[in-house]
Amino acid sequence: MKRPACVVGCCLIFFLGLLFYFKMPEPYSDSSIEGRRISLYGTVDDKYSKNSSSYLIIKNAGIISGTDQKEKHKITVKLKESPGSLAKLPAIGSLIEVSGKGMLFSRARNPGNFDFARYEMIRGIDFEIYDARIIGVRKKAGFPLDEGLCLLRERLSASADAVFREADAAVIKAMLLGDRTGLGEELKNSFRRAGMSHILCISALHVTLLGMGLLRLMKKTGMRKGLSCIISFTLLLLYGRLTGSGVSTVRALITFGLMMAADLLGRTPDLLSSMSAAGIAIMLIRPLNVLDAGFILSFSAVSGIGILEPAVRRFLPKIKGAGSSLGTSLAVTLFMLPEVLYFFFRVPLYSVIINLLVIPLAGILLVSGLTAMAAGCISITAGMITGIPAGLILSLISFISKLNDSLPFSQVTPGRPGMWQIIVYYLILMTVVIAVERFYPPGLWGRLVYIATVIFAVFVLTLHIRCPLSITMIDVGQGDCHFIEAGGRTVMIDCGSSDTDQVAKYRVVPYILSRGFDRIDYAVLTHPDADHINGYLELLDMNEDDGLQIGCFIIPDISGTNGELEQLTTLAERRGIKVLKIKTGDTFCTGGLRFCCLNPKKGAVCADMNEISVCLSVELMDSPFAALFTGDVEGEGEKAMMEAMNPGKSRYTLLKCAHHGSANSTPTELLDKIRPLYCFISAGVHNRYGHPHEELLQRLKASGTRIHVTKEEGAVRLDTDGKKIRITHYIDDREADGR
């Protein structure tokens, strides 16, 4: 059997994938530790600094007092006071006792959101304690290897800060030490937009370049081949441990080691077999690694080289060097496309060309950066001199990133594909690979058929089968945000939260990008309370390449001044975004929908902003479906809204409950008038107001309305063709009901 490791590896991945598909493990969720001061003891596994704070990773941690004293945990400890140097903290391997406040990691509440709790679960970490202090050291370690490497990493990091400019130092530390804490959001995003994020990770490229460099250096000293391989691989293992032993690094180390061993034994190194053997080892050590994004992306890149590159290169011109690099870049891009879309939703369109320019310089960058950090530990001047090539290359990369951002269509947003799309894409791709191997060389028409087949595979992967109307109540915590898709057009009603930081960046934008949209045609603000507007202000402050484009803002037509409204208007006009005012009786149409304003009256003045909330009646044309969006309307505003309703409209399919389900909103008179089938309530988990209030829930139940609340279900999406309705929840990913 050819490539048995490949077969075993694929079977193991398939088996684990099925296992996790039917029974996905859940992160640690004992809410009794949340905010409670707890004491525990355990062994220091690692330590690091981030944003002027010091952290410890504690393994085999036992809680001294609590309900799970017998259970052992791996936890992150954020110390209340930073000693300034990692050397002043207990050595790695020490048994210590610490005390602090417990905190569970946050869960994703919407599709496309980052699930921090699941990420930490894959790393094996259960929870974090913060405001922590070290009570005592029960057993001191000696001077183990890990402690020495940790202090060396800190010294090299300080050297990089002294030798390079701030932005360059952050890149050097990320790509050579695995330390991404200094990378600003704009810097990370600029690399992502250009398709160069792999430069910022310890990847196979780094390990291979360093390994081959060490081998050549050993051979030049006249050392025997076997001994040079052993010494080189030992140094690489130490380097891997120095940088944190990430999954992709471990995979690269195992693969490189197996290929060196094959060379020593006189066997032909096989990339796919080595990769599969590495994958088997990693998954046997910790099966959850199969869910790690780094694991998936790393193995996908190598699979692209091993499986797809030979077929791709046959179609490229026979250009020495350039043809090979182009073939590799194209193969990796095509093979990784499903994973890139699944995790990031966007594709950098010019990444193939950019990487052709950047990757050949990676070796010089690595050597210069590493040499500069090492020299800087002895002499800052020597470090600066040896770091000149790295600085020049990083300046070139910065220029390329800015040039990429200035080009049209530098990134496209197909959104997240479904699992069936990913499977079909790979089946088509593998069919092309097999056909090229068996029927080569093809004629002109054969080449065109192969190319057309690959284009069709990309089309299938990026296809979105949409209902005529989708309405999503995005879970923003204690706030409001509703996203409407219809006929390829988008409308957002409110965007804000009072209990979630950077709600647009972490909750709203990822969800909308995952749906395959990067533009809001109409952004409606019902009223300028913080929990309805601060997400909009955040969007207007974001780089357009990272956020969402907005076509037009619609705000209430009221008298008087309001600081938040004025700020929104100013920021929007600076970006060239139209700002329109809306009042009772105004209408606008888009995507087969008709929006009619029921409140406020023109020039309304009210001390209570809730009463001037924009209320919209939304109708899907040529169908009985209608939805009512009410902002936070209460009191006189609610009465005015009912008076403005179309007398011929006897029933609404969907009601967006006002004011997060407060007791004083949505009276019986309104429910009797509109008789909603469904109602959406946006309220934060453990919100201090107790929303939604029981009085309102009882009124809704008495009216026969089906209730959906974000605090219980996460994001809720309604899909309809105007007749049939399907509602899905994100938290348990199930279909709720349909009519």
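Where does Pro 600 lie? Pro 600 sits in the loop between β15 (593–599) and β16 (615–620). The model here is predicted, so keep that in mind for everything below.

The peptide bond that joins Asn 599 to Pro 600 is cis, with omega at about 5°. A cis bond also joins His 691 and Pro 692, where omega is about -10°. Pro 692 belongs to the loop between β19 (678–681) and α22.

Then come the positive phi values. Thr 666 has phi near 50°, which is positive in a residue other than glycine. You'll find Thr 666 in the loop between β18 (654–656) and α21 (668–674). Arg 675 is not a glycine either, yet its phi is positive at about 45°; this residue is in the loop between α21 and β19. Is Thr 666 buried or exposed? At 1% relative accessibility, Thr 666 counts as buried. Arg 675, at 38%, counts as partly exposed.

## Two helix pairs

Next, some helix packing. Helix α6 (residues 204–220) meets helix α12 (residues 351–376) at an angle of about 65°, and their axes are 10 Å apart. That angle makes α6 roughly perpendicular to α12, and the crossing is right-handed. On the α6 side the contact uses Leu 205, His 206, Leu 209 and Leu 210, while α12 brings Ile 359, Ala 362, Gly 363, Leu 366 and Leu 370. By class, that gives seven nonpolar residues, two polar and no charged.

Helix α9 (residues 271–285) packs on helix α10 (residues 293–313) at about 160°, with the axes 9 Å apart. The two are therefore roughly antiparallel to each other, and they cross in a left-handed way. From α9, the contact includes Leu 271, Met 275, Gly 279 and Met 283, and from α10 it includes Phe 295, Phe 299, Ser 303 and Ile 307. The contact of α9 with α10 has 11 nonpolar, three polar and no charged residues.

## Cores

Which residues touch the most other members of the largest nonpolar core? In that core of 43 residues, they are Phe 164, Ile 172, Met 175, Met 196, Leu 365 and Ile 397. The elements that give two or more residues to this core are α3 (145–163), α4 (166–177), α6, α7 (225–242), α8 (247–264), α12 and α14 (388–406). The largest share, eight residues, comes from α4. Leaving out residues up to four places away in sequence, Ile 172 touches Phe 164, Leu 177, Leu 365, Gly 369, Met 373, Ala 390 and Leu 394. Apart from this core lies another one, of 36 residues, with Val 503, Val 508, Phe 517 and Ile 555 among them. As background, nonpolar side chains in soluble globular proteins tend to be buried together.

## Some buried residues

Here are four residues side by side.

| Residue | Element | Relative accessible area |
|---|---|---|
| Leu 89 | loop between β3 (72–79) and β4 (95–103) | 7% |
| Lys 173 | helix α4 | 9% |
| His 482 | strand β9 (residues 479–486) | 1% |
| Thr 705 | loop between α22 (694–702) and β20 (706–709) | 6% |

Why does Lys 173 count as buried? Its relative accessibility is 9%, and buried means under 20%. Neighbours within four places in sequence aside, Lys 173 is in contact with Ser 157, Ala 160, Asp 161, Gly 178 and Asp 179. Leu 89 and Lys 173 are 84 residues apart in sequence, and their C-alpha atoms are 22 Å apart in space.

With residues up to four places away not counted, Leu 89 touches Lys 47, Ser 54, Leu 56, Leu 79, Pro 83 and Ile 134. On the same terms, the residues that His 482 touches include Thr 472, Met 473, Asp 494, Phe 629, Lys 656 and Phe 680.

Thr 705, leaving aside its neighbours within four places in sequence, is in contact with Pro 676, Leu 677, Tyr 678, Cys 679 and Leu 700. Between Thr 705 and Pro 510 there are 31 Å from C-alpha to C-alpha, and the two are 195 residues apart in sequence.

How values were computed
Residues numbered from 1 in each chain as written. Predicted model: local features only at pLDDT ≥ 70, side-chain atom pairs only at ≥ 80, totals over all residues. Heavy atoms only, no water. Axes fitted to C-alpha atoms, helices over the stretch in contact; angles between N-to-C directions. Helix = DSSP H or I, 4+ residues; strand = E, 2+ residues; numbered from the N terminus. Parallel < 35°, antiparallel > 145°, perpendicular 65-115°, else oblique. Left-handed = near helix turned anticlockwise from the far one by under 90°. Contact = heavy atoms within 4.5 Å. Nonpolar A, V, L, I, M, F, W, Y, C, P; charged D, E, K, R; others polar. Core = buried A, V, L, I, M, F, W, Y, C linked by side-chain atoms within 4.5 Å. Buried < 20%, exposed > 50% of the residue type's maximum accessible area, 1.4 Å probe, protein only.
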